[in-house]
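Subject: Structure handover

Hello,

Here is the structure for your files. My notes on it follow below.

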Amino acid sequence: MLNRLAQVPHVACLGLVIAITACANFSAVDKPISQVAPPREAERVAGDRSPDLLVLLAFSGGGTRAAAFAYGVLKTLADTEVMTPGGRRSLLHEVDVISSVSGGSFTSAYYGLRGDKIFEEFEDRFLRQNVEGALIGQVLSPVNWIPQMSSIYGRGDVAAEYYNKHIFDGATFADLERPGAPAVVINATDLATGIRFSFTSGFFDIICADLDQYPLARAVTASSAVPVLFTPITIKSYAGTCGYAPPPWLAEAAKDERGSSRKAEARALEDYMDREKRPWLHLVDGGIADNLGLRPYYNQLSLEGDPRQAFRDLGHPDVRHVLIISVNSFAHKQSKWPFKRAAPGLAETIGSISSDQIGRYNYDTLDIVRYSFGHWTKQVSTPQHPVTFDFVEVSFNVVHEEGQRQALNDIGTNFDLKDDQVDLLIKAAGEVLRGSPDFKAFLERLQGRINQP
């Protein structure tokens with residue numbers, strides 16, 4: 001007994017060392033830049049892809065359910081061959097940008113990092129793993145007790161460390177710049193303002209932080225950090241130290257006397273430029289600001305104010321076809337409490353309210369994006385250079401077979417799915433995409449244009 005008591009101070013010292021090490025690692029994550037570099041997104045987006053074809057994917061939130069559903073779409077795009085001016089290739093290799101939130105960010109980040117190797121690795125490494133159980137084990141591990149007592153190291157940081165080691169192999173955003181890779185936009189929500197924060201050079205330049213050195217795992221953690229379950233991921237601002245010059249639209253929007261979403265976005269970004277106002281950013285689940293991942297595309301064009309310039313910024317000044325595929329794993333799960341006399345409990349009430357709000361917001365976003373991109377492509381279209389737009393929705397709503405649709409809706413948003421659930425999600429995503437009239441129309445239109453002399 002005396003020997004065990006004598007070991008207590010040593011254990012305490014060891015815990016203190018671990019805590020200090022964890023905090024030191026955390027503080028070393030955010031790196032400043034001394035000078036803003038010229039934007040390179042347009043060059044990355046263009047890559048070796050067809051200059052007249054702009055393909056944009058959006059992956060929704062929803063835990064492993066969302067990750068598997070998005071993965072099923074990637075598999076189907078990989079199996080879909082199209083004829084381009086550069087020859088026959090898979091449609092997946094024509095994808096220019098993937099925007100994602102929450103669970104969908106695991107799939108987008110992994111594909112951005114590993115390319116086609118995702119089809120050899122991702123299922124065993126993430127989709128079919130009990131990630132939820134592993135995270136609980138990490139949080140409850142004695143090794144992490146003392147670090148989590150710190151006000152700057154919490155459950156979100158524990159999750160980020162796990163993802164960094166077991167899924168993303170220590171990769172940073174610089175590792176996403178592999179040849180042929182699409183641009184990946186991982187989205188989180190600023191807890192202080194409720195606005196979307198994207199892990200792009202555009203946002204990081206505002207706060208003079210180095211995106212290239214930022215760990216990919218921390219971005220994915222921020223994108224999926226459900227409040228209360230996970231602590232926010234925090235980023236230090238170095239704003240005002242790198243010569244950042246705001247885009248022209250921001251000054252124009254700030255002067256607008258009328259209230260608008262453009263003006264609200266401008267004011268939020270202006271706050272980021274003032275380090276005294278916003279020295280720290282606390283980021284949580286991206287689904288709070290936009291659960292579909294579609295808003296970055298809408299904002300790209302609406303904030304710019306000039307669709308032609310926006311398409312140039314996307315690396316496609318001579319675009320002829322615009323395709324957006326929205327992969328939405330939002331579920332309409334039938335609650336049992338409406339069939340009971342007893343009032344629902346607190347958890348059921350909160351879950352129902354948040355679910356209904358997300359559902360209504362999703363429909364609004366879908367309508368806005370459909371209408372706006374249809375309008376913008378008409379604006380840039382001419383008789384000599386027509387521009388077409390197709391919007392494809394891959395969701396549980398459009399699954400025709402009732403039993404399959406119900407089974408999909410019954411899958412939760414946790415990070416531990418059964419193999420048959422993963423199989424169903426992958427299969428259903430492919431069937432919905434292949435059977436989509438809008439997707440078929442796009443392929444026929446693309447083939448028709450290629451065949452024209």
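A charge counts as sitting over a ring if NZ of Lys or CZ of Arg is within 6 Å of the ring centre and within 35 degrees of the ring normal. Arg178 meets this with Tyr111: the charge lies over the ring face, at 5.6 Å from the ring centre. Please keep in mind that this is a predicted model.

Aromatic pairs

The count of aromatic pairs comes to 22. One of them is Phe106 with Phe126: the ring centres are 4.5 Å apart and the planes are at 15°, so the pair is stacked, the cut-off for stacking being under 30 degrees. Phe106 belongs to helix H4 (residues 103-114) and Phe126 to helix H5 (residues 118-127), so that 20 residues separate the two and the pair links distant parts of the chain. Phe106 is buried, with a relative accessibility of 0%. For Phe126 the relative accessible area is likewise given as 0%, and this residue is buried too.

Phe126 also pairs with Phe415, here edge-to-face, with 6.2 Å from centre to centre and 70° between the planes. This pair again links distant parts of the chain, as Phe126 is in helix H5 while Phe415 sits in the loop between helix H16 (402-409) and helix H17 (419-435), 289 residues apart. Phe415 has a relative accessibility of 10% and counts as buried, since the limit is under 20%.

Ala171 is in the loop between helix H8 (155-166) and strand E5 (183-190). With 5% relative accessibility, Ala171 is buried. Residues up to four places away in sequence aside, Ala171 touches Leu113, Asn164, Tyr214, Pro215 and Leu216. From Ala171 to Asp212 the C-alpha to C-alpha distance is 10.0 Å, and the two are 41 residues apart in sequence.

Gln404 is part of helix H16. Its relative accessibility is 15%, and Gln404 therefore counts as buried under the 20% limit. Which residues does Gln404 contact, leaving aside neighbours within four places in sequence? They are Val399, Leu424, Ala428 and Glu431. With Glu431, the side chain of Gln404 makes a polar contact of 3.4 Å.

Regards

Note on methods: Residues are numbered from 1 along each chain as its sequence is written. This is a predicted model: local features need pLDDT of at least 70, side-chain atom pairs count only at pLDDT 80 or more; totals for chains, interfaces and linings use all residues. Side-chain values use heavy atoms; hydrogens and water are left out. Rings of Phe, Tyr and Trp (its six-membered ring) pair if their centres lie within 6.5 Å; planes under 30 degrees apart count as stacked, over 60 as edge-to-face and the rest as tilted. Helices (H or I, at least four residues) and strands (E, at least two) are DSSP runs, numbered from the N terminus. Buried means under 20% relative accessible area, exposed over 50%, partly exposed in between (1.4 Å probe, protein chains only). Contact means heavy atoms within 4.5 Å. A polar contact is a pair of N or O atoms within 3.5 Å; within protein, one must be able to donate a hydrogen and the other to accept it, and residues adjacent in sequence count only if both atoms are side-chain atoms.
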